[in-house]
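Let's take a walk through this structure together.

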Amino acid sequence: MTTTTHPAPGGTATMRAVRLHAFGDPSVLRHEADAPRPRPAVGEVLLRVAATSFNPTEAALRAGLLQSFLPVDLPYAPGWDVSGTVVELGSGVTELAVGDRVVGRVDAGGGSAEYAVAPAGLLVAAPGSVPLAHAAALPVAGLTAWQAVFEHGRVARGRRVLVNGAGGGIGGFATQLAKHAGAEVVATASPRSTDAVRRQGADRVVDYTAGPVAAALDGEPVDLLLNLVPLSPADTAALVATVRPGGRAVSVATPVEAPAGSGVTAVHVVARNDPQQLAALVELVDRGALVLDISAVRPLADLAEVHRLGESGGIRGKVLLTP
């Protein structure tokens, strides 16, 4: 196998990384100074990581709750979002070059490190209008929002959309994409997120901490419910009841069901990796039509603390981690 290489600093075969050697609470995330540095296989590239980002689903993976359908081998470095610079090409890679600044969703993880390998075909050019590290906010949350809004929600101009959980990473993108499509957006958020959600284009913000969301809608139906947060069965039913006959209830969190005879289509979304859609999101960022809502940039060594904050509801928008 032949590779094209840009030497790592110091020429060492190790790197700093955060890995877990067992499943459990955030304390299993260890910041290591001598983790083995990966090498790219056929069709892969090695990236010098600029940043990764925290996604709530990664907390479930860390706890061992996803092993039945998303098994990983230990030790494991989390981090599905990654932005960085190509420093080495594996055999057969022709679409990228050493020095390219890229972003992508790396389903095998590994972003919580100084270096990460990724299939070349899953990476796209990073936006040039924002710092390279900031691009790591985009892949997982952006792709989930894109598919929920356009593929499953079928949002179009003039539709009325309820984004439940607009203050989170996915919610910020979903609000902006729905507005970009010409929809009227009603968004739920806590008081700490209200200003940010308004800046993202929400026509109305409902404080979900002040009472039932459905009651705040005053009986005005929506064409699409886009649910982004875990809900109790009673809360789920109340929100689905706000959808007009012929409308859609789309959830990326708690699966939703539509009552028989309601005329509502219910969909549970598991987002897939799609580089073409990611490239479209990058284009929107560079056009100024999509803003990255980054609430914090923290050193990679803080990853365990970020997991604790995420599990306690202490995170708004996207939190980035830099090695």
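**Starting from one lysine**

Setting aside neighbours within four places in sequence, Lys318 is in contact (heavy atoms within 4.5 Å) with Ser53, Phe54, Asn55, Asp81, Ala137, Ala141, Gly169, Asp293, Ile294, Ser295 and Ala296. Before going further, bear in mind that this is a predicted model: local features need pLDDT of at least 70, side-chain atom pairs count only at pLDDT 80 or more, and totals for chains, interfaces and linings use all residues. Residues are numbered from 1 along each chain as its sequence is written, and side-chain values use heavy atoms, with hydrogens and water left out.

So is Lys318 buried or exposed? Its relative accessibility is 4%, so Lys318 counts as buried; the cut-offs are under 20% relative accessible area for buried, over 50% for exposed and partly exposed in between, with a 1.4 Å probe and protein chains only. You'll find Lys318 in strand β16, residues 318-322. Strands here are DSSP runs of E with at least two residues, helices are runs of H or I with at least four, and both are numbered from the N terminus.

One of the contacts of Lys318 is Gly169, and that takes us to helix α3, which covers residues 169-180. Its 12 residues reach 17 Å from the first C-alpha to the last, close to the 16 Å expected at 1.5 Å a residue (1.5 Å times one less than the number of residues). Helix α3 is mostly covered, with nine of its 12 residues buried. Among them are Gly169, Gly171, Gly172 and Phe173. Just after α3, Gly182 takes a positive phi of about 95 degrees.

Now look at helix α6, residues 233-240, where Thr236, Leu239 and Val240 are buried. They sit on the same side of α6 because they cover an arc of only 100 degrees around the axis, going by the directions from the helix axis to the C-beta atoms. What do these buried residues of α6 pack against? Their partners are β9 (160-164), α5 (213-216), β12 (222-227) and β13 (243-251).

Time to step back. The protein chain holds eight helices and 16 strands, and buried residues make up 51% of its 323 residues. Along its principal axes, the C-alpha trace spans about 65 × 40 × 35 Å. Of the contacts in the protein chain with a separation of 6 or more, 67% join residues 24 or more positions apart.
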